[in-house]
Amino acid sequence: MPTISNFYSMKDASKHSTKDDCWIVVNGRVYDVTQYLDDHPGGDDVILAATGRDATDDFEDAGHSKSAREQMEEYFIGELDTSAPIFTEKSYHVKLMQLAKQCWAVPVTAVGISVVVGFVYLRKK
């Protein structure tokens, strides 16, 4: 018989990012690892740093064993709702502005250096 799973958005999961209330998202699945923080061999700070975003890469890069993956199922609370947007409109605009600033930095720097070199060259003549 199929089981019905709870669905959580990334925004929901990111609200649980403290030592007293900690959720992580790995492979599209949401885990409440609050009770496990003190027992984690890598320390609680590693898990806390992975909250509020998809922690799949961090989890896979750590090379967790099969038994660690099985133990993780104890903390499974639901699945990530992929239909909900991950970025809010505000964060999208902030990222767009940061990208625009980065795109202008290189040409402005090149022009600035050219002007300085030009003045130095003309001054020597």
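User: Why is Tyr36 counted as buried in this structure?

Analyst: In this predicted model, Tyr36 has a relative accessibility of 14%, and since buried means under 20% relative accessible area, Tyr36 counts as buried.

User: What makes Tyr75 buried or exposed?

Analyst: The value for Tyr75 is 16% relative accessibility, and because the cut-off for buried is under 20%, Tyr75 counts as buried.

User: Why is the pair of Tyr36 and Tyr75 called tilted?

Analyst: The ring centres of Tyr36 and Tyr75 are 5.6 Å apart, and rings pair if their centres lie within 6.5 Å. Their planes stand at 45 degrees, whereas stacked needs planes under 30 degrees apart and edge-to-face needs over 60, so the pair is tilted.

User: Which parts of the chain does this pair tie together, and why?

Analyst: Tyr36 lies in the loop between S4 and helix H2 (44–49), while Tyr75 lies in the loop between helix H4 (66–72) and S5, so the pair ties together parts that are 39 residues apart in sequence.

User: How many aromatic pairs does the structure hold, and why is the one of Tyr8 and Trp23 edge-to-face?

Analyst: There are 3 aromatic pairs in the structure. In the pair of Tyr8 and Trp23, the centres are 4.9 Å apart and the planes are at 70 degrees; planes over 60 degrees apart count as edge-to-face, so that is the name for this pair. Tyr8 belongs to strand S1 and Trp23 to strand S3 (residues 21–26), 15 residues apart, so that distant parts of the chain are linked, and both Tyr8 and Trp23 are buried.

User: What makes the sheet an open one with edges, and which strands are they?

Analyst: The open sheet has 5 strands in the order S1-S5-S4-S3-S2, with mixed pairing. Strand S1 (7–8) and strand S2 (17–18) are the edge strands, as each pairs on one side only.

User: How do you know that strand S4 and strand S5 pair?

Analyst: Two strands pair if DSSP finds at least two bridges between them, and 3 bridges join strand S4 (residues 29–32) to strand S5 (residues 76–80), which run antiparallel. In this pairing, Val30 stands opposite Gly78 in S5.

User: Why is Val111 called exposed, and where is Val111 placed?

Analyst: Val111 sits in helix H5 (residues 89–124). Its relative accessibility is 53%, and because exposed means over 50%, Val111 counts as exposed. Together with Val115 and Phe119, Val111 forms a nonpolar patch on the surface, with about 310 Å² of accessible area for the three together.

Conventions
Residues are numbered from 1 along each chain as its sequence is written. This is a predicted model: local features need pLDDT of at least 70, side-chain atom pairs count only at pLDDT 80 or more; totals for chains, interfaces and linings use all residues. Side-chain values use heavy atoms; hydrogens and water are left out. Patches are made of residues with over 30% relative accessible area and no salt bridge: like charges are joined within 9 Å, nonpolar side chains (Val, Leu, Ile, Met, Phe, Trp, Tyr) within 5 Å. Accessible areas come from the Shrake-Rupley method with a 1.4 Å probe; for residues, only the protein chains shown count as cover. A salt bridge is a side-chain nitrogen of Lys or Arg within 4 Å of a carboxyl oxygen of Asp or Glu. Helices (H or I, at least four residues) and strands (E, at least two) are DSSP runs, numbered from the N terminus. Buried means under 20% relative accessible area, exposed over 50%, partly exposed in between (1.4 Å probe, protein chains only). Rings of Phe, Tyr and Trp (its six-membered ring) pair if their centres lie within 6.5 Å; planes under 30 degrees apart count as stacked, over 60 as edge-to-face and the rest as tilted.
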